Amino acid sequence: MYWARAAELARLYPKDCVLMVAVELCSLTFVRGDLSRANLVATSLFADGAAAVVLGSGEGPEVVGGFSRLLPESYEVMGWEVVESGLQVRFAQSIPQLITDKLGALIKDGLASHGLKAQDVGVWVLHPGGRKVLSAYRQALPIDDRSYEASRSTLREYGNMSSLTVLFVLERLLGKVEGKVTGVLLALGPGFATEGVVLRW
């Protein structure tokens, strides 16, 4: 994830700050005249957005590191097809069930690379892919109410702005975390991929 790369740059230059800017223009994937269920769902769910984070010495959580996991042979699950009229969205109806069945194992494997278990995580900064996706998170992982509500309210107010939506969720959680806590910032991506960033307050 771009945030993990930005954190690596910040560690390389500890006397400086790194400005990370993320912009997602999801509306560009709208294909006029495509009345498929996937296109209509994407149009109603996705939104354009922009966010920025300053990384360096100072207040806020420490970025410990990141991890990426891809579910094998999941090309057809999520992504876009390049067609004459633009980028045609591809969503499988199985996404919520995949999260329930497979996400937990992917995350546990990613956390293990940092010597952590899901039970060690006190704050989950979740990419709110949709209402069903949020419910599936809770079945797959030990998500606390505070983390769930931050993602749910972000989805309700802004929609799914693709990967940077987690930065809006993080903003809601920053002032609510007390003491020494481990957190995970989690986003979902094309194919069926998950990108995680381990945080430490």
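**Entry 1: the nonpolar patch**

I looked up which strand gives the nonpolar patch its largest share, and found strand β1 (residues 18-24), with three residues. The model I am reading is predicted. I noted the members of this surface patch as Leu19, Val21, Val23, Leu25, Leu28 and Val54, and its area as about 630 Å². I then located Val54 in strand β2 (residues 49-55). Is Val54 buried or exposed? I recorded Val54 as exposed, because its relative accessibility is 59% and the cut-off for exposed is over 50%.

**Entry 2: salt bridges**

I found a count of six salt bridges. Arg5 and Glu8 are three residues apart in helix α1 (residues 2-12), so about one helical turn separates them. Arg5 is partly exposed at 43%, and Glu8 is partly exposed at 37%.

I next checked Asp145 and Arg138, which form a salt bridge at 2.4 Å, N to O. Asp145 is exposed, with a relative accessible area of 57%, whereas Arg138 is partly exposed at 33%.

**Entry 3: a pair between two helices**

I looked up Glu157 and Arg172 and found their side chains in a salt bridge of 3.0 Å, N to O. Which parts does this pair tie together? Glu157 lies in helix α5 (residues 145-158) and Arg172 in helix α6 (residues 165-174), so the pair ties together parts that are 15 residues apart in sequence. I recorded Glu157 as partly exposed at 47% relative accessibility, and Arg172 as partly exposed at 22%.

Technical notes. Residues numbered from 1 in each chain as written. Predicted model: local features only at pLDDT ≥ 70, side-chain atom pairs only at ≥ 80, totals over all residues. Heavy atoms only, no water. Patch = residues over 30% accessible without salt bridge, like charges linked within 9 Å, V, L, I, M, F, W, Y side chains within 5 Å. Areas by Shrake-Rupley, 256 points an atom, 1.4 Å probe, with all protein chains shown as cover. Salt bridge = Lys/Arg side-chain N within 4 Å of Asp/Glu carboxyl O. Helix = DSSP H or I, 4+ residues; strand = E, 2+ residues; numbered from the N terminus. Buried < 20%, exposed > 50% of the residue type's maximum accessible area, 1.4 Å probe, protein only.
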